[in-house]
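Please keep the sequence and the model in view while reading the points below.

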Amino acid sequence: ISTLFPIKPTFQSWNEKKKKKKKKKKKKKRPRPPRGGFTGIYHGSSSASSRSSSGESSEGSSGKMKPLTLLALAVTLTASVIAAKSPYQSVLQHSRIRGRQHGPNMCAMQKIPGTDKKYFTNCKQWYQRKICGKPTVITYECCPGYEKVVGEKGCPAALPLVNIYNTLGVVGATTTKMYSERANLQEEIEGPGSFTFFAPSNEAWAALPTEILDALVSNVNIELLNALHYHMVNKRLTSEDLKHGSSFPSMYQDFDVHIQHYPSGIVTVNCARLVKTDQHATNGIVHVVDRVITAITNNVHSFLETEDELESLQTAIAAAGLTAMLENEGSYTIFAPTNEAFRKIPQEMLDRILGDPVALKDLLNYHILKNLHCSESIVAGTPLETLQGTVLEVGCDGNEMTLNGKAIVTEKDKLGTNGVVHYINELLIPDSAKTLKELAEGSPQVSTATKLFLDAGLGPHLTGSEAVTLIAPQNDAFKGSVTLTPALRKGLRNHILKNKFSSKSLYHGQELETLGGNKLRVFVYRNNLCIENACIAGHDKNGRYATMFTVDKVLAPPMGTVMDVLKADSRFSILVDNIQKAGLTELLNKKGAYTIFAPTNDAFRAMAPADLNKLMRDPRELTQVLKYHIGDEFLISGGVTSHVRVKPLSGDKLELGMRNATMYVNRVPVIDADMMATNGVVHAVGSIIKPLPPKTVSDQADSSSTRRTSAVRAGPQVVKNEDLFQKVLNSRSSRTMSRVQ
């Protein structure tokens, strides 16, 4: 900014003038502007500052405020200039910055080896050094409008300003120059006027199909001349004028050329990329493009209707009622599935979607982006929003355009007046058009659960139109080989909720009714959203009628109170006896929300006999020990992160943490977690939990160690400082101060 607009020097010069005026009281000369600044603006600010300074005595405080007002105005103006800079100019500026070490007017370019593709570099591409997944090499070339001088560094000389015909030769578009001469266009683009010429590069002409090129050159006075006139606009348009979504009448029957100016700095005309931009001429401007463009007369719907390869798509669009939308004004990108793409879908699934207007409309809208994206605008994977409401990952791999990581685009950049069409050989089916069964089968991470649901006879619930929510455990939730036992068959019914839910609408304490008749509780923690013992492990899959939640565990609905859970497990027989001796049975049977860290029989047997006997003989101490194992809140393992603290019924606190997928309480590992009860949850531990030692002593030791470490690292400097301190203490002034005190 300081280079473009020298604000700081202006303000400093005013201050200096003010000081000189006070001292010398005589007229000052206008300072020269610094190099590289906008001279006119700079002079205006200086003169205004001088006037304000000279009138200070008469205007008082109002005069003092003028320079500040001018400064604020200058800042605002500069910000407006920067804000108005186009994406192309921003990228060009970045390339200039990267290339300035190689001399004036040098720009850094990223080139894909083995191709003729070059790009001005933005910040992200500079560090990634990749375009369309391919590594790039950095080259340095003259920025637009400049050329090299023998024996000098960089590109210090401006290109000669000549007419458009000669400029074509200067910028290397020699084939376009030759065809302009053959088509008798030379006189027009040498003469007076103000034209914009989108000139195809030599490589663009060479890439034209032979039959098209032959047709042009065999009729130079009509076909070739018309083609060249379509590349021209009858006014000067710089890159700043080429706004995104704009169109301009060409010099061929006023047929429009369509401009796209993307945030990446890429500019296209009819999907042809501008590879050399803003080449000024005496009678206009030249932009070199990477392909020969053709006149656009039809909207995208008319284009689709003329393609036999898209017959199935035409039928689907008519059935979904999208014809009017594709005929009206807009700026769409359509990924058009071919007839072959429709044939790849199982007939039963295809018939169901085609017979369901809602699902069909969702499917087609999933193939349409809200904005127009030519293939040249894609240089890396980018999520782009569809009319269906979700996103497609549109990317590229070398010269291939990709969708959701797949190279399924077979033809690109079929442009209409209201959009662009890219052919694809695979039908994209959004989740919103799928049944639960199709959602589950399309998620490999829940394949085990999907098979179990079907084997358990729950298929009709997965393929029907009822509004349900499937809770699908990940494959890792099933340990070893899984057999469909009667208990598991019954439990799977509790994995289907009676209504369609979104995880975003669930709240803490909510109860969800299942097909099995149970009610599942929702627990919301800082780091997790859980249903009973299972926590949601992925994004919702929202199908046509139903939703699928992916969870990390098989659901274990509560089968009784905490006491019922403990009594049902032989590992806790000693604990149950001790609870009864301590009079805590009623507490653990009543309604509440407790977290029980339950010592197993082995935990009690591991105690020293003397300690165990002492504990058993003292009911009061036994009660306190047991209450220290009971947390006064509901906490499953999925809600535990590092340094979680739980208040027990007796004692100070319990410190919980997770390490290697194992929960610890006061550094004691939990050997079996998440045994759910109606009034709490039980976690089995293999040791009696004891309070952690106080941290004050260790903290002091750590602090002392830190001080010693710092002293060691400081080395001679610490000794030097201590010597200096002793000298100060022993000094005469120090002794005098001591006596006074």
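Predicted model: local features only at pLDDT ≥ 70, side-chain atom pairs only at ≥ 80, totals over all residues.

A disulfide is a covalent bond between the sulfur atoms of two cysteines. When the bonded cysteines are counted along the chain, the disulfides follow the pattern 1-4, 2-8, 3-5, 6-7, 9-10.

**The disulfide of Cys-107 and Cys-143**

- Cys-107 is joined to Cys-143 by a disulfide with an S to S distance of 1.9 Å.
- The torsion about this S-S bond is about 105°, and the disulfide of Cys-107 and Cys-143 is therefore right-handed.
- Distant parts of the chain are linked by this pair, as the two cysteines lie 36 residues apart. Cys-107 belongs to strand 1 (residues 106–111), whereas Cys-143 sits in the loop between strand 5 (137–142) and strand 6 (146–147).
- Are these two cysteines, Cys-107 and Cys-143, buried or exposed? Both Cys-107 and Cys-143 are buried.

**The disulfide of Cys-271 and Cys-374**

- A disulfide also joins Cys-271 to Cys-374, with an S to S distance of 2.1 Å.
- Here the torsion about the S-S bond is about -70°, so the disulfide of Cys-271 and Cys-374 is left-handed.
- Cys-271 counts as buried because its relative accessibility is 1%. Cys-374 is likewise buried, with a relative accessible area of 1%.

**The disulfide of Cys-530 and Cys-535**

- Cys-530 and Cys-535 are joined by a disulfide with an S to S distance of 2.0 Å.
- The torsion about the S-S bond of Cys-530 and Cys-535 is about 80°, so this disulfide is right-handed.
- Cys-530 counts as buried at 0% relative accessibility, and Cys-535 is buried with a relative accessible area of 2%.

**Another cysteine**

- Cys-123 has a relative accessible area of 42% and is therefore partly exposed.

**Cavities**

- The model contains six cavities of 30 Å³ or more.
- The largest cavity has a volume of about 190 Å³.
- Which residues lie closest to the centre of the largest cavity? Of the 17 residues that line this cavity, the closest to its centre are Tyr-119, Phe-120, Gly-265, Ile-266 and Arg-273.
- Helix 5 (87–99), strand 2 (118–120) and strand 13 (272–281) are the elements that give two or more residues to this lining. Strand 13 provides the largest share, four residues.
- By residue type, the lining of the largest cavity divides into ten nonpolar, five polar and two charged residues.

**Helix 24**

- In helix 24 (residues 573–581), the buried residues are Leu-575, Val-576, Asn-578 and Ile-579.
- Why do the buried residues of helix 24 line one face of the helix? Seen down the axis, they fall within an arc of 165°, so they line one face of helix 24.
- Among the elements that cover the buried residues of helix 24 are helix 23 (562–567), helix 25 (585–589), strand 30 (594–599), helix 26 (601–605), helix 27 (609–617) and helix 28 (619–628).

Definitions and conventions
Residues numbered from 1 in each chain as written. Heavy atoms only, no water. 1 Å grid on protein atoms, 1.4 Å probe; cavity = no way out; pocket = protein on both sides within 12 Å on 5 of 7 lines; lining within 4 Å. Points joined across faces, edges and corners; volume = space filled by probe spheres on them. Nonpolar A, V, L, I, M, F, W, Y, C, P; charged D, E, K, R; others polar. Disulfide = S-S within 2.5 Å. Buried < 20%, exposed > 50% of the residue type's maximum accessible area, 1.4 Å probe, protein only. Arc of directions from axis to C-beta. Contact = heavy atoms within 4.5 Å.
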